[in-house]
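Morning, everyone. I have one structure to walk through today. Please bring it up on your screens.

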Amino acid sequence: MKHLAALGLAFVLCLSGCSGNAQPEASDQGQNAQETPQSGSPADSGAGQNTGETQKVIWFTSATKFKEVYKVMADKLLQEENIEIEFQQVPDDQYHIMLKTKLATGDAPDIFEHNAPTEYDTVKVEENCVELSDQDWVSRLVNPDILKDKNGKIWGMPRESSSCFFAMYYNKGLIEKLGVSDQMNPKTYEEFLQLLDQIKQADSSVAPVFFPDKDSSVMQCVVTSALPIVLSTGEHPDALEKIRVNEMKWTDLPEYEQVLNNLIELYDKGYVNENHASATVDMAKEAIGTGQAAMMYTGEWTVTDLLAKYPELELGSFVVPFADQDATSIGAYVHSFYVCKNGPNTDAAMKVLECFSKPEYMNIFYQDSPGFPPFHDVDGGEVPECVQNIVDNYVQTSKYYIEMNGQIPEMSSILPDLWINYVDMVNGGSSPEQVITEWQDKYEEYMTETEQSGF
């Protein structure tokens with residue numbers, strides 16, 4: 001664990017003295033829309049005092065990434081800068097493909113949202129995006145190094161300083177009602193399974209764990225979080241770094257198959273919501289918020305969305321003891337805003353980022369979604385207790401690993417294909433061995449084509 005702590009040192013440093021976090025997750029709108037324009041117009045914002053021609057900026061996003069508070073920030077921008085933002089929101093399962101298509105066909109938006117730096121290769125930043133290294137807000141960043149590519153360049157403006165504090169977040173009121181509140185800190189993986197079984201036995205109508213598998217990026221959180229922890233107990237704790245440089249293969253890891261088998265077990269034992277294949281992120285939040293499900297394995301971004309919609313909801317948290325280890329995983333990326341070189345109004349888009357970086361705009365965001373701000377002079381607000389629990393007991397004490405995806409950022413652009421295979425697997429379409437074999441072939445082919453180190 002200590003050799004990975006160095007990778008996350010910037011996270012620990014930026015967290016001390018900060019409070020709160022936010023990272024991509026869903027709004028309650030747009031899941032069924034193809035592209036749903038949501039803009040702050042003069043009629044909506046009362047900004048009739050503006051003079052001159054209004055500039056329009058197209059902001060491309062997804063239901064998971066979009067935050068309702070963006071509209072408040074957009075209204076302020078319209079009044080003060082005469083720039084109108086049109087938010088084009090698409091369902092999560094369409095976002096990656098549609099963004100790639102827009103960038104490739106000359107239909108680029110002005111601004112889009114994605115993780116940084118893990119998605120730099122995915123969106124071909126040098127070809128499609130404006131470099132942001134020279135922007136004034138860079139000097140105010142809490143954690144600038146996390147944004148830099150291999151040449152030290154920055155291509156995205158972050159929405160937070162650190163992200164992805166994986167844990168099982170649960171409805172405390174429901175847990176107390178079910179009579180299992182004294183079991184909410186399992187020390188072994190077997191105790192974790194026993195907890196799920198107790199919840200199921202207490203009320204068969206309640207799903208112990210909710211997975212919205214229509215968005216394959218959610219369920220994969222278990223795998224990307226668990227694998228580094230499980231590997232830490234085996235013969236090759238540095239296996240992911242060796243895979244990164246082609247000194248080992250994914251098929252060399254029995255631990256990978258173990259993690260996938262453990263995931264399938266949750267489904268086979270009925271611990272997961274029956275409608276998982278068609279369930280969306282919004283459905284997951286509603287299920288937790290209304291007591292239809294007890295818990296969800298996710299990051300802190302879901303917490304802020306849940307509490308915004310259900311302000312009376314009390315949430316608790318615990319880490320899942322994968323391989324009986326008292327540890328969690330965190331991300332090596334932050335949610336960020338990119339400006340397209342070939343968007344219809346690039347200059348205005350740059351102005352949007354300049355304004356949104358200011359404390360008077362970022363404070364609006366963090367008043368709505370308390371978290372860990374990207375800038376030193378922004379107030380992150382009061383962090384939900386369940387998130388602070390993970391930060392205090394695991395992040396700041398270095399009881400964490402960098403999640404699997406973050407340890408090999410070069411493979412980021414092909415990860416969505418792997419996640420879809422996970423969904424197929426839990427639905428009986430393939431075995432863990434087949435998933436890993438197919439992934440090794442795809443990974444090796446991609447890393448060779450892109451001339452990565454060791455391939």
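**Salt bridges first**

The structure holds 19 salt bridges. By salt bridge I mean a side-chain nitrogen of Lys or Arg within 4 Å of a carboxyl oxygen of Asp or Glu. A word on the source: this is a predicted model, where local features need pLDDT of at least 70, side-chain atom pairs count only at pLDDT 80 or more, and totals for chains, interfaces and linings use all residues. Residues are numbered from 1 along each chain as its sequence is written, and side-chain values use heavy atoms, with hydrogens and water left out.

Take lysine 67 and aspartate 305. Their side chains form a salt bridge at 2.6 Å, N to O. Lysine 67 sits in the loop between β2 (55–62) and α4 (69–81), and aspartate 305 in helix α13 (residues 300–309), so the pair ties together parts that are 238 residues apart in sequence. Helices here are DSSP runs (H or I, at least four residues), strands likewise (E, at least two), numbered from the N terminus. Both lysine 67 and aspartate 305 are buried. Buried means under 20% relative accessible area, exposed over 50%, and partly exposed in between (1.4 Å probe, protein chains only).

Next, arginine 159 and glutamate 160. Their side chains meet in a salt bridge at 3.9 Å, N to O. Arginine 159 is buried, and glutamate 160 is too. Back to lysine 67 for a moment: salt bridges with shared partners join Lys67, Asp282, Lys285 and Asp305 into one network.

One more pair. Lysine 76 and glutamate 80 meet through their side chains in a salt bridge, 2.8 Å from N to O. They are four residues apart in helix α4, so about one helical turn separates them. Glutamate 80 counts as partly exposed, at 45% relative accessibility.

**Helix α9**

Now α9, residues 216–231. How many of its 16 residues are buried? The count is 15, so α9 is largely enclosed by the rest of the structure. Its length checks out. At 1.5 Å a residue, the 16 residues should span 22 Å, and the end C-alpha atoms are 23 Å apart, which agrees. That expected span is 1.5 Å times one less than the number of residues.

Valine 223 lies in this helix. Its relative accessible area is 0%, so valine 223 is buried. Its C-alpha is 7.1 Å from that of leucine 260, 37 residues away along the chain.

**The loop between β4 and α6**

This loop has several details. Alanine 116 and proline 117 are joined by a cis peptide bond, with omega about 0°. Proline 117 lies in the loop. Lysine 124 is not a glycine, yet its phi is positive, about 50°.

Aspartate 121 is also placed here, between β4 (111–116) and α6 (125–128). Aspartate 121 is partly exposed, at 48% relative accessible area.

At 17% relative accessibility, aspartate 149 counts as buried. Aspartate 149 and tyrosine 120 are 29 residues apart in sequence, and 7.7 Å apart in space, C-alpha to C-alpha.

**Last stop**

Glutamate 451 is in the segment after α19 (432–449). What is its phi near? Phi is near 55°, a positive value in a residue other than glycine. Glutamate 451 counts as exposed, at 69% relative accessibility.

That's the tour.
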